[in-house]
Amino acid sequence: MEPLLKSTHVVEMFGGLKAVSDFNIYINPGELIGLIGPNGAGKTTAFNLFTGVYQPTSGTIEFDGQNIAGLKPYEITQRGIARTFQNIRLFSELSVLDNVKIAFHSHVKYSVAEAVFRVGRYFDEEALVTAESHRLLSIFKLDDKAEETAKNLPYGAQRRLEIARALAAKPKLLLLDEPAAGMNPQETHELMEMIRWIRDQFSLTILLIEHDMSLVMGICERIYVLEYGEIIAHGTPEQIQNNPEVIRAYLGGEA
Amino acid sequence: MNSVQKNDLRLLVFGVVLFAVIGGAMEGGFIGSFWKLNIILIGINVILSASLNLINGYTGQFSLGHAGFMAVGAYVGVILTTNFHLPLIAGMVGGGLAAAVLGFLIGLPTLRLNGDYLAIATLGLGEIIRIVIMNIQYVGGAAGFSGIPHLTTFPWVFATMLLTLFAIKNFVNSSHGRACIAIRENEIAAAAMGINTTKYKVLAFTIGAAFAGVAGALFAHCFYIISPGSFTFMQSFNYLIMVVLGGLGSLTGSIAGAFVVTALSAALADWPEFRMIIYALALILLMFYRPQGLFGYVELTKLAPFSRLRGLKGGREE
Ligand SMILES: Nc1ncnc2c1ncn2[C@@H]1O[C@H](COP(=O)(O)OP(=O)(O)OP(=O)(O)O)[C@@H](O)[C@H]1O
Ligand SMILES: [Mg+2]
């Protein structure tokens, strides 16, 4: 099977700092993969490389059989990668519903003229976008908050809204950057179920960064471990838990 | 007919009634020529502040060059009507198109800049436009272009104003307008949601410039002579005050801002120094008590007594 995402020898330098070096990973269609590592290991940088926020200093990133290194973020999203942000980036002054509607953007086909004169596909497509947005919101138990201003949502709900919004872009690959950060154990548990469920419902492939080990070990099929920008281990949750390199990286000192 | 269309119809009826009342008062001789001109100017300024609001309020790009686009529309308009004897509508369309083309050409490189840098660049470009016009002898240079036929009438202005307001309202309530609002809210997130941020910034800038051009053509045909002096950066600043006073991201605000500022400067025409003091005081009070402007990010049509529609943020309406 062809991997959906494959990075080969990707390097990212920030001045003299090698944030990511010789980064090789592959993700097969339908997989649920974890990316873990200590603070500052380069996990978010890897996401920024995959989504075009940063350009790799060298190396290639293949998505769906095409090299996407060098494309702009919106082009990559249109090709089928959507993401959430570690430091939540909602459209905080807008309503919860509008946050999701915005993300349907590249699937709306009516032209500016059709919008201005309110003819043609305008009404049908707007109705569809609104209906689909409500459907996504109800999946994430946010539908009763649809008219609420996004910034007024509790933290956990904001994280769920970010996932709902990313799904509105209809991605093949979903990148989640610490989706459980700031959630209590109960919320984290519900989130785990939800991630599994949307993977099946939306036939998604998911790559997630997470510090909560119960979540990572609980749902990921394979895990990559990053330290100082390098992948130090890769395998199933059991293999990772017993890997001396990983134990050393997390606990410090000699294994 | 769905609720959106019903609401559009309601607004249209309101517009027609307002037109009949003001137009009737003008025809009936209840309004003197000084206020007739100022009512026409209010209509033109609504077009200018609403179109500037599309750029500054909805898309969040700080433009200070609106008078420049207005000047282009004014001069192209008067060339078409005065030198080529075409009707006003041709002058308006020609002026709007010329301003749109220039807006596109200027927007493409400058919209890479952010915040203050964009403000400075657009301010400079607005001034450059004015100085270039000043040096073209064909349009009369610094002395101005004279012999303009007095073609602008209240019905023309009112109809164009309504058309502009509907066009901008419909635009911001579409996926294209949401893209612009998303850029204002968080540019990185907007791009991550598949929005071509450069394209939409340039689009908003171009549409804004086009309407400024149309307004410029209407403005020019109110007078016998226009000169580059009518389009200085102080003029751009005036439109900015209308937008900020009325409220960013609100068309109701643009109407209110244009009305208040234009009526105020007309009422204080004989005491121009008072005008600046009142502006300054108004802006200071605004900063303290209502930093978002009179109608920041809300529309009157969404407030409870006006409709049963749900209130959405971002100056939207359905
Ligand atoms: N734009 C940037 N410019 C300079 N250095 C950067 C930049 N972005 C990240 N870095 C550095 O790169 C390294 C990796 O950062 P990154 O954010 O990818 O870590 P992370 O693994 O996501 O950590 P955390 O778990 O704390 O989120 C850090 O040393 C960070 O300071
Ligand atoms: Mg991170």
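Begin with chains A and B shown together: in this predicted model, the area buried between chain B and chain A is about 3,100 Å², and carbon and sulfur atoms give 59% of that area. Selecting the contacting residues will highlight 37 in chain B and 34 in chain A.

Next, select Arg118(A) and Asp8(B). These residues form a salt bridge, with the closest N and O atoms 3.0 Å apart; the count between chain B and chain A is two salt bridges. Across this interface, 14 residue pairs are in polar contact, counting pairs in which both residues have pLDDT 80 or more.

Now colour the helices of chain B. The side of chain B that touches chain A receives at least two residues from each of H1 (3-27), H6 (154-172), H7 (175-185), H8 (187-192) and H9 (197-220). H7(B) supplies the largest share, eight residues. By residue class, this side of chain B comprises 16 nonpolar, twelve polar and nine charged residues.

Select Gly40(A), where a polar backbone atom is 2.9 Å from an oxygen atom of the ligand. At Gly42(A), a backbone N or O atom also lies 2.9 Å from a ligand oxygen, while at Thr44(A) a polar side-chain atom lies 2.7 Å from one. Taken alone, ligand 1 exposes 640 Å², of which the protein buries 65%.

Definitions and conventions
Residues are numbered from 1 along each chain as its sequence is written. Chains are lettered from A and ligands numbered from 1 in the order in which they are written. This is a predicted model: local features need pLDDT of at least 70, side-chain atom pairs count only at pLDDT 80 or more; totals for chains, interfaces and linings use all residues. Side-chain values use heavy atoms; hydrogens and water are left out. Contact means heavy atoms within 4.5 Å. Buried area is the accessible area (1.4 Å probe) that two parts lose on being put together, summed over both. A salt bridge is a side-chain nitrogen of Lys or Arg within 4 Å of a carboxyl oxygen of Asp or Glu. A polar contact is a pair of N or O atoms within 3.5 Å; within protein, one must be able to donate a hydrogen and the other to accept it, and residues adjacent in sequence count only if both atoms are side-chain atoms. Helices (H or I, at least four residues) and strands (E, at least two) are DSSP runs, numbered from the N terminus. Ala, Val, Leu, Ile, Met, Phe, Trp, Tyr, Cys and Pro count as nonpolar, Asp, Glu, Lys and Arg as charged, and the others, Gly among them, as polar. Accessible areas come from the Shrake-Rupley method with a 1.4 Å probe; for residues, only the protein chains shown count as cover.
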